[in-house]
Number of protein chains: 2
Amino acid sequence: MKTIDVCLSPELMHLYEVKGKSVVVVDILRATSCMTSALAHGIDHIKPFAKLDDCLQAKQEGYLTAGERDGKKVEGFDMGNSPFEYMEPTLKGKKIAFTTTNGTQAIAKSEGADTIVIGSFLNLNAVVHFLRHQEKDILVVCAGWKGKVNMEDTLFAGALVDGLQNHFEPACDAPRMAQRLYADAKNDMVAYLQNSSHVKRLARLNIHKDIAFCLTPNQYNILPIMQNGFMVAQKQS
Amino acid sequence: MKTIDVCLSPELMHLYEVKGKSVVVVDILRATSCMTSALAHGIDHIKPFAKLDDCLQAKQEGYLTAGERDGKKVEGFDMGNSPFEYMEPTLKGKKIAFTTTNGTQAIAKSEGADTIVIGSFLNLNAVVHFLRHQEKDILVVCAGWKGKVNMEDTLFAGALVDGLQNHFEPACDAPRMAQRLYADAKNDMVAYLQNSSHVKRLARLNIHKDIAFCLTPNQYNILPIMQNGFMVAQKQS
C-alpha cells in the first residue's frame, strides 16, 4: 500500500523526500484557501513567490499583486489575504502574483515533487479524489506559522489522511496524530479552533467571516495544481 | 499567567528560547524512562552524551556505559535501553554515561535553560509538582525519532499541559494539540500507541514489557534534574 505522510512544519522539510511524490501544500488561514477561491472564480493562473520583492516585480508583467505579511495586506498590493477578495467577477481571466508569510514558502520548499497541488477545506473532496487516483506516495506539507506547527493546517492534513485511509497508510506518527485531531474536531471546527493561536491572531484583525468560510468543506470542486511554475485550476470530473 | 510550550522535535529547537525557562526533556521510549528508573533505584548520577564516542570514553573515568542506537544496545556498552536493566541492587551508588539516538541529543539542545529536568510517565506527578512551583515559563522538548515527531512524547507533553492547565497557559498550538491527543489517549495508552511508529519498531525487538512499563504513570516520586552537567535525583517532598 502506498503511504501518506505529514510534514507539520516547513522547518522539518529536510527530513522528507519529495521526489516521486504527490505533495499537497496547506495553509488554511488563509493562503491556500484564497488560492482555491481565486481559481474557482475564474482567475487564469497564480504565480507564487516566496519573496515579497520578487512578487512586487511581477506587476511589470501585468500581474495583480496579492498576499500578506504577518496576516496583514502588504502596502501597494492589489489584494490581501481574504478569500472574499478573490470572488469579484472583474477578476475573471486575470493573473495573480501571490506571496504570504508561510504558504508560499511551503510551496517553494516542495519544489522537486512529482506533483504539487494546493489543499484547503474549500476543495477537500477534490484533493482527496485527485490523490486517490495517483499511484504515488503522498506528502502533506503544512505551512504552519513562522516555522511552528499550527492546528488548522494539521486538521486539514488529518482530513486527508482520513479521506484516504483505505488507499494510503500513515508513513509515521505525524499523519496518525493529524487524523486523531481531525476526528476530535470535525463536528465543529470553528469552535475547536477558537483558542488556536492563529485564530486568536486573526480575530484581532476582525475576520471571523474569513475563518468560518475557510473551515467550510467542499465549496469548490476544483484542484489547484502547479504546472511549470504556475498554479492553475484542474477541473475535477 | 506563565506559559507552557511544546517543541515537538529537536529539529525545531531554533524556534524556541530556552533562556530563563524550565525545560523538560522527554523520550518516553525509552531514554528518559530509563534515566528515571535508574535514579529511582539509587544510581548516583547520569552523565548524558550526545555522541557515542564521548560516551565510550567515560569508561576510563569509572562510568558504566549505557544506551542505544536505533533502538538496540551498543556493542561494548554495559547496559542497553530497557528500564528493567537499571533496577539491579548492585548498581546502587554507581555512575552511568548515557547516550541514545534521540533523548541525549534533545538534552544537549536544551543547554542554556534555567533548569533542565527529565520527564517520563513513570514520574509524571513529580514533574508536574516541580514545575508548578517554579515561577518560570515551561518548554517541553520532545525527543521524537530522528527529527520526526512521535506520538508517545507528544502524549507525555500533553499530560504535562493537562496537569498544569490551571497554572500555565498554552503558548501556541503545539501544547493544545498535545493536550487534545492526551485527552483522547489517556484511558488506554498502550492500545492508543499500538499503531505508532516506534512501538511497531520496538515490537519487532520484542519489548512489549518495556512499552507497557514506560506508559505506566507514577511509579516513582523522583525528579531527575541537571546539575553542572550531571543528572541527579531531586527527591520530591
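Predicted model: local features only at pLDDT ≥ 70, side-chain atom pairs only at ≥ 80, totals over all residues.

Visitor: What is the peptide bond from Leu29(A) to Arg30(A) like in chain A?

Guide: That bond is cis as well, with omega near 10 degrees, and Arg30(A) has its place in the loop between β2 (22-26) and α1 (31-40) of chain A.

Visitor: What makes you say that the copies meet through the same surface?

Guide: Of the interface residues of chain B, 100% are also interface residues in chain A, so the copies meet through the same surface.

Visitor: Why are α6(A) and α6(B) called roughly perpendicular to each other?

Guide: Their axes come within 10 Å and cross at roughly 80 degrees. Angles from 65 to 115 degrees count as roughly perpendicular, and α6(A) and α6(B) are therefore described in that way. In this contact Met177(A), Arg180(A), Leu181(A) and Asp184(A) meet Met177(B), Arg180(B), Leu181(B) and Asp184(B). By class, the contact has 4 nonpolar and 4 charged residues, with no polar ones.

Visitor: Why is α5(B) also called roughly perpendicular to α6(B)?

Guide: The axes of α5 (residues 151-163) and α6 (residues 173-185) of chain B come within 7 Å and cross at roughly 100 degrees. That angle makes α5(B) roughly perpendicular to α6(B), given that the range for this term runs from 65 to 115 degrees. Among the residues that make the contact are Leu155(B), Gly158(B) and Val161(B) of α5(B), together with Ala178(B), Leu181(B) and Tyr182(B) of α6(B). By class, the contact has 9 nonpolar, 3 polar and 1 charged residues.

Visitor: What makes you call α5(A) mostly covered?

Guide: Of the 13 residues of α5(A), 11 are buried, a term that requires a relative accessible area under 20%. The buried residues include Met151(A), Glu152(A), Phe156(A) and Leu160(A). As for its length, α5(A) reaches 18 Å from its first C-alpha to its last, close to the 18 Å expected at 1.5 Å a residue.

Visitor: Which elements do the buried residues of α8(B) pack against?

Guide: They pack against α6 (173-185) of chain A, and also against α5 and α9 (208-214) of chain B. The buried residues in question are Ser197(B), His198(B), Val199(B) and Leu202(B). After α8(B) comes Asn206(B), whose phi is positive, near 65 degrees.

Visitor: Why is Gly103(B) called buried?

Guide: Gly103(B), which lies in helix α3 (residues 103-109) of chain B, has a relative accessible area of 0% and is buried, since the cut-off for that term is under 20%. Leaving aside its neighbours within four places in sequence, Gly103(B) is in contact with Val25(B), Asp27(B), Ala31(B) and Ala143(B).

Visitor: Why does Lys146(A) count as partly exposed, whereas Asn228(B) counts as exposed?

Guide: Lys146(A) has 45% relative accessibility and so counts as partly exposed, because that term covers values between the 20% and 50% cut-offs. Asn228(B), at 78%, counts as exposed, for which the value must be over 50%. Lys146(A) lies in the loop between β8 (138-142) and α5 of chain A and has a positive phi of about 50 degrees although it is not a glycine. Asn228(B) is placed in the loop between β10 (222-227) and β11 (230-235) of chain B, and its phi is also positive, near 55 degrees.

Visitor: How do you know whether Pro89(B) is buried or exposed?

Guide: The relative accessible area of Pro89(B) is 66%, and with the cut-off at over 50%, Pro89(B) is exposed. Pro89(B) is found in the loop between β5 (72-73) and β6 (95-99) of chain B, and its C-alpha is separated by 8.1 Å from that of Gly42(B), 47 residues apart along the chain.

Technical notes. Residues numbered from 1 in each chain as written. Chains lettered and ligands numbered in written order. Heavy atoms only, no water. Helix = DSSP H or I, 4+ residues; strand = E, 2+ residues; numbered from the N terminus. Expected span 1.5 Å × (residues − 1). Buried < 20%, exposed > 50% of the residue type's maximum accessible area, 1.4 Å probe, protein only. Contact = heavy atoms within 4.5 Å. Axes fitted to C-alpha atoms, helices over the stretch in contact; angles between N-to-C directions. Parallel < 35°, antiparallel > 145°, perpendicular 65-115°, else oblique. Nonpolar A, V, L, I, M, F, W, Y, C, P; charged D, E, K, R; others polar.
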